[in-house]
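Please open the model in a viewer and keep the selection panel at hand. The stops below are given in the order in which they may be selected.

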Amino acid sequence: MSGQGETLRQRASRLMNEYEALGPRPGGEPAYTGAMLAYRQLLAEHPEDAQLHLEYGYLQECHGRNSIRAAVGCYEQAIELDPGWDKPHYQLIFARSALHESERVIDLYKKRLAAAPDQIREYRFLAGAYLSNGALDEAGKVIAAGRKLEADDDMLLTAEAQLLDASGRREEALAAWRALKQRDPHDLSPYFMSAFTLEALGRYREAAAEWRYIISWLGAHNDTVHTTWPKEMLEGIEAKLAAADADVNGDS
Amino acid sequence: MTGEDLTARMWLELSALAGDRWPAIRRAAAARIAADLLADLDRPPPPASRLHRERQLRAGQFCHREVA
């Protein structure tokens, strides 16, 4: 399908169209690789060209979506091979939600709950599916039903804290995360969640304290590689703190 | 004491009283809880909801492929 004597721009556009049409099918990946090379060269030559940036971005967006779809296949395979393992279910929920396939993932976990109504994990998964898709009323109903079965379930309490936060009831969410911190000192999730909520409330000093705790905990548990992103988050909060202090002091 | 605390305490007492029959009782109660929940959830999402918007977004992925 390559054109004789086509310009680099025409080649980039043709390969992008081929990748868009083929995706993960045969011929798609070589088209993507070729298009990436062509767009990088074009952008190096014309960094001021808005159309090129748009097309290069769209190419990557298409590839990202196809990569997430490939991840879905991997998670489904992991679930089939190890049905008792929860982690691939949560990843599947995130991935399908990222693809805007909320109905599909919600239907799956509704069917699973109908088939195993005494399994608390099925309430956790379904609540997660609704939460990931912003369906807060439905998530609340699932959490409430699950807590009728196991009132003290940590994962449902975590989901409830997320629901409170998403509903704007942030002080209640913070209280829920404080309680969860006491229950499992090895679970960092409530610290991450608290950090984001505190930042959203403009309570930067407290948010910074959460990030510092996360960084020190990871360092103490030989997981410094995962401190990179928390350190960046902490730097961002410290910059906001410095800006707020400068405002108070009347600095320009 | 919250409603959840009360439920947890009631289940604990029930499980002690029921003895060997507890797993069957729990399964029956769970089936009822899930059936009521799923019947409630099976109503279509209202047009203003995020789930309704998700349907539109997914459709949009196919409708907005034109780059130019």
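The tour goes from the interface to the pocket, and then to selected details of chain A.

This is a predicted model, in which local features need pLDDT of at least 70 and side-chain atom pairs count only at pLDDT 80 or more, while totals for chains, interfaces and linings use all residues. Residues are numbered from 1 along each chain as its sequence is written, chains are lettered from A and ligands numbered from 1 in the order in which they are written, and side-chain values use heavy atoms, with hydrogens and water left out.

**The interface**

Select chain B together with chain A. Contact (heavy atoms within 4.5 Å) involves 34 residues of chain A and 26 residues of chain B. The two chains bury about 2800 Å² between them, 59% of it on carbon and sulfur atoms; buried area is the accessible area (1.4 Å probe) that two parts lose on being put together, summed over both.

Next, display A:Lys141 and B:Asp40, whose side chains form a salt bridge (3.4 Å, N to O). The term denotes a side-chain nitrogen of Lys or Arg within 4 Å of a carboxyl oxygen of Asp or Glu. Across this interface the rule finds 3 salt bridges.

On the side of chain B that touches chain A, at least two residues each come from α1 (3-18), α2 (22-41) and α3 (50-63). The most, 10 residues, come from α2(B).

**The largest pocket**

Move to the largest pocket, which holds about 850 Å³ of space. A pocket is, on a 1 Å grid over the protein atoms alone, an open set of points where a 1.4 Å probe fits, with protein on both sides within 12 Å along at least five of seven lines; lining residues have an atom within 4 Å of a point. Grid points are joined across faces, edges and corners, and the volume is the space filled by probe spheres set on the points.

Select A:Tyr90, A:Phe94, A:Thr158, A:Gln162 and A:Met193, the closest to the pocket centre of the 27 lining residues. Two or more lining residues come from each of α4 (87-98), α6 (120-132), α8 (154-166), α9 (170-183) and α10 (189-200) of chain A. The largest share, 7 residues, belongs to α8(A).

**Details of chain A**

Which residue has its side chain in a salt bridge with A:Arg14? Select A:Glu18: the two side chains meet at 3.0 Å, N to O. Both residues lie in α1 (residues 8-22) of chain A, 4 residues apart, about one turn of the helix.

Finally, inspect two loops. A:His100, in the loop between α4 and α5 (102-115) of chain A, has a positive phi near 60°. A:Asn222, in the loop between α11 (204-220) and α12 (228-248) of chain A, has a positive phi near 55°. Most residues other than glycine have a negative phi.
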